[in-house]
Amino acid sequence: MSGPGVSAGLNGRARTGAATVLERCDELAGYSSLPDGLIERVYLSPEHTAVNALAAGWMREAGMTSWQDAAGNQCGRLEGATPGLPALLLGSHLDTVPSAGRYDGILGVLTAIAVVERIASSGRSLPFALEVVAFGDEEGTRFGTALLGSRALAGTWLDAWWELTDEAGTTLHDAFGAFGLDPAAIGAAARTSNEVIGYLEAHIEQGPVLEEHDQPLGIVSSIAGARRFQITITGKAGHSGTPWTHRRDALAGASEAIVAIEKLARAADLIATVGHLEVFPDAVNVIAGRVEFSLDLRGRFDADRDRAWQQIESLLEEICATRGLHVAVDQTHAAPAAHCSDRLRGVIAAGIRATDASAENPEPRELLSMAGHDAMAVAQITEIGMLFVRCAGGVSHHPDESVTEADVGRALDAFEAAVLELAAHHDAGQHEAQA
């Protein structure tokens, strides 16, 4: 893990500019469980502890009080005009996938901290509090179920998750204890719709649309709903010399199924990804007796996605029946599509316009996010809005993630302007409870 903070000693506006935000992204990238500069930072790990402590320091420098909640999310709060007002939540996540980039999630957390510091330094008095949440688990890398941090905040935690295990066989329940958290206190992380007025998140696009249209920033219209499955196809292991008529090859069946899933998803205008596959016994001269593979299925509309899954289930049964195989399915994750509210899409649009008064600049572009975000979970308790930042080539979940200082500077200005636009038109007695 990395050493002392490179951003120590900065103050004022310099600490809230794009250069410092990018330096902090680089600093956080040093907290990793992988060697050779590769990034992996998972939930309830020593690296999680370290980055929470770093984020807490930055939050306090920004003028916030800071605490770690009952789920391991690092939180910060700047009071509004009077103490105790409902809060506008700002944030994203600090965990990563294996061999990650340094901006997915992290850029959103650091943007939120910088914008709160700008507002605190200005002396403005807002009609709501500002809270930054650095979620501890969005990716689901360690325990296979995503959005654990934001689901705890939204009060949608499931007790069944306590039995989830990581690759070492450690349960989520035991990992909580080792991290210094009390599983029995998980409910204390939950917020209610009365405590919050909305949620704004800045995030790299994870797609090429903004780059293709030469626009640095965009507005998320909605986030696709996702379901994840672990699929096991079982046949019979045997010598590679076994005649075709006597084979029950699980890998051949899985291969046929994966190609069929892709074809069906393409026809239905959905996204289907098989990203993990294991073969048993995994020997060059042995027919595969069992294959386990993952499926991540996403769609703009939940009904379309669920209808496609029913067709996929039928296909799996048909393929396996024909080949004399058995199929078993375990759903590991489900998140409904989340639609960003008109009000928060509007303030983000106003924020983007505020960064460029040029009459030639086109209207801010709205985009569907096929990637999942913490906003999906938070949408269960309040309205959500998301700002997208151009990412080179649309590359994400990869070391080649790249943003420019100019685009990050525009994002900071737009995010700040969006918060102030919301404050200027906020009616404390009326806000949407859910996007």
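# Burial, salt bridges and confidence

Biologist: Is Arg353 buried, exposed or partly exposed?
Modeller: This is a predicted model. Arg353 has a relative accessible area of 41%. Buried means under 20%, and exposed means over 50%. The value lies in between, so Arg353 is partly exposed.

Biologist: Which residue meets Arg353 in a salt bridge?
Modeller: Side chains of opposite charge can pair when their charged atoms come close. Here the N to O distance is 2.9 Å. The partner of Arg353 is Glu363.

Biologist: How many residues apart in sequence are the parts that Glu363 and Arg353 tie together?
Modeller: Arg353 sits in helix 9 (342-354). Glu363 lies in the loop between helix 9 and strand 15 (365-369). The pair therefore ties together parts whose separation in sequence is ten residues.

Biologist: Is Glu363 buried or exposed?
Modeller: The relative accessible area of Glu363 is 52%. The cut-off for exposed is over 50%. So Glu363 is exposed.

Biologist: Which helix holds both Arg307 and Asp304?
Modeller: Their side chains meet in a salt bridge, at 2.5 Å from N to O. The two residues are three apart, about one turn of the helix. Both lie within residues 302-323, which is helix 8.

Biologist: Is Glu292 buried or exposed?
Modeller: Glu292 forms a salt bridge with Arg290, at 3.3 Å from N to O. Arg290 is partly exposed, at 30% relative accessible area. Glu292 has 19%, and the limit for buried is under 20%. So Glu292 is buried.

Biologist: What is the relative accessible area of Thr16?
Modeller: Thr16 is found in the segment before helix 1 (18-29). Beyond residues up to four places away in sequence, Thr16 touches Ala114, Glu117, Arg118 and Leu412. Thr16 is buried, with a relative accessible area of 2%.

Biologist: What is the average pLDDT of the protein chain?
Modeller: Of the residues, 94% score at least 70. The chain average is 93.

Biologist: Over which residues is the pLDDT below 50, in a stretch with 19 contacts beyond near neighbours in sequence?
Modeller: Where pLDDT is low, the predicted coordinates should not be read in detail. One stretch under 50 is residues 429-435, with 24 contacts beyond four places in sequence. The stretch with 19 contacts is residues 1-10.

Notes. Residues are numbered from 1 along each chain as its sequence is written. This is a predicted model: local features need pLDDT of at least 70, side-chain atom pairs count only at pLDDT 80 or more; totals for chains, interfaces and linings use all residues. Side-chain values use heavy atoms; hydrogens and water are left out. Helices (H or I, at least four residues) and strands (E, at least two) are DSSP runs, numbered from the N terminus. Buried means under 20% relative accessible area, exposed over 50%, partly exposed in between (1.4 Å probe, protein chains only). Contact means heavy atoms within 4.5 Å. pLDDT is the predictor's confidence in each residue, from 0 to 100. A salt bridge is a side-chain nitrogen of Lys or Arg within 4 Å of a carboxyl oxygen of Asp or Glu.
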